[in-house]
Amino acid sequence: SVPLSFFAGIGGASKEGILVKGSNFLETLSQTKIVAFDKTGTLTKGVFEVSAVHHSEMENARLIEYAALAECASSHPISKSLKMAYGKEIDRSRVTDIEEISGEGVLAKVDGSDVAVGNGKLMERLNIPYHECHLSGTIVHMAINGEYSGHIVISDVVKPNAKTAIDELKKAGVRKTIMLTGDRKKAAEQVAELLSVDEVYSELLPADKVSKVEELLSGKSDREKLAFVGDGINDAPVLTRADIGIAMGAMGSDAAIEAADVVLMDDNPMQIAKAIKISKKCLGIVY
Ligand code: ADP
Ligand code: MG
């Protein structure tokens, strides 16, 4: 039978905007010693600003227009930012053959031209030579009809309280924090350093995130629980695999919310430590 205090714990958590899907998860939460995060949308706002555009022959505005049109069906934070930078209503009749490649980008026909928008991996997949870029920020490469046409630099912004949220986790008894991201090494390491995240693994495809989490799970004792925090469709498999999956609910995808054991109703990373603290209190653990 489930002790009464567990119901109180779940109720108390829900009042704080933390949805715990079962009493067993409170116990797991209370034993969380390792927290792994997705970067974009979790520790960062996932709302990018276009900070530079580099092109071969195309005008900046045209490059952004093609990017936004090709991205019209995607819900990825990068897509949202490109659509915002374009700023106009998207005429969907100009776009056909849309294909989103998870962890890489999108392919689509815009005005009949083949447009590719995404990272270096996508360019490599298409055998299109691209310029390695050493600027900070996330780089979105573009190719039109198989020709490299330039890149857009967008900078993701760290959530204002992300650093405090990481510090609070340590106070709640978490031993190690880890960032797992599909983004470039350089962008990932900058964020990790800024936030004092203990370990960082970058340029991971969705399947790589799962194997990384499996590796982390097998390398620890069973008494120490590993939580994964994420928001994207990509994150659903990892949320399921971790000892405890925590979804950022407000902007998170339905798939992530469904796969998670705990859902944070707003996207405030401070809620992660709060959930752990509530679970400990409910189990009578002094920390
Ligand atoms: P994260 O782990 O940081 O949340 P994702 O796994 O969602 O990142 O994506 C990894 C990388 O794949 C992004 O940094 C970006 O370079 C590229 N990417 C994914 N989806 C898109 C998209 N719709 N448009 C452009 N690039 C994308
Ligand atoms: Mg993400």
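Good morning. The domain assignment of this chain gives domain 1, covering 4-44 + 159-282, and domain 2, covering 49-155; such bounds come from an automatic or database domain assignment. Please keep in mind that this is a predicted model, in which local features need pLDDT of at least 70 and side-chain atom pairs count only at pLDDT 80 or more, while totals for chains, interfaces and linings use all residues. Residues are numbered from 1 along each chain as its sequence is written, and chains are lettered from A and ligands numbered from 1 in the order in which they are written.

I begin with the two domains. Taken over C-alpha atoms, their centres are separated by 30 Å. Their contact takes 12 residues from domain 1 and eight residues from domain 2, where two residues are in contact if their C-beta atoms, placed from the backbone, lie within 7 Å. On the side of domain 1 that touches domain 2, helix α7 (residues 185-195) gives the most, with three residues. Helices here are DSSP runs of H or I with at least four residues, strands are runs of E with at least two, and both are numbered from the N terminus. By class, that side of domain 1 has three nonpolar, six polar and three charged residues. For these classes, Ala, Val, Leu, Ile, Met, Phe, Trp, Tyr, Cys and Pro count as nonpolar, Asp, Glu, Lys and Arg as charged, and the others, Gly among them, as polar.

I turn now to the ligand. Which residues are the closest to ligand 1? They are Thr-40, His-76, Gly-105, Asn-119 and Gly-182, out of 23 residues that surround ligand 1, each with its C-beta atom, placed from the backbone, within 6 Å of it. Two or more residues of this shell come from each of α4 (77-86), β5 (105-110), β6 (113-118) and β7 (138-144). The shell draws at least three residues from each of domain 1 and domain 2. Its classes are four nonpolar, 13 polar and six charged residues.

My last topic is helix packing. Axes are lines fitted to C-alpha atoms, for helices over the stretch in contact, and angles run from 0 to 180 degrees between N-to-C directions. Angles under 35 degrees count as roughly parallel, over 145 as roughly antiparallel, 65 to 115 as roughly perpendicular and the rest as oblique.

Helix α11 (residues 270-282) packs with helix α6 (residues 162-171) at about 20 degrees, with the axes 7 Å apart, and the two are therefore roughly parallel. Thr-164, Ala-165, Glu-168 and Leu-169 of α6 meet Met-270, Ile-272 and Ala-273 of α11. These contact residues divide into five nonpolar, one polar and one charged.

Helix α2 (residues 23-30) also packs with α11, at about 105 degrees and with the axes 8 Å apart, which makes α2 roughly perpendicular to α11. Here Leu-26, Leu-29 and Ser-30 of α2 meet Ala-275, Ile-276, Ser-279, Lys-280 and Cys-282 of α11.

Finally, the axes of helix α3 (residues 60-70) and α4 come within 8 Å and cross at roughly 135 degrees, so α3 is oblique to α4. Ile-64, Glu-65, Ala-67 and Ala-68 of α3 make the contact with Leu-82, Lys-83, Ala-85 and Tyr-86 of α4. By class, this contact has six nonpolar, no polar and two charged residues. Thank you.
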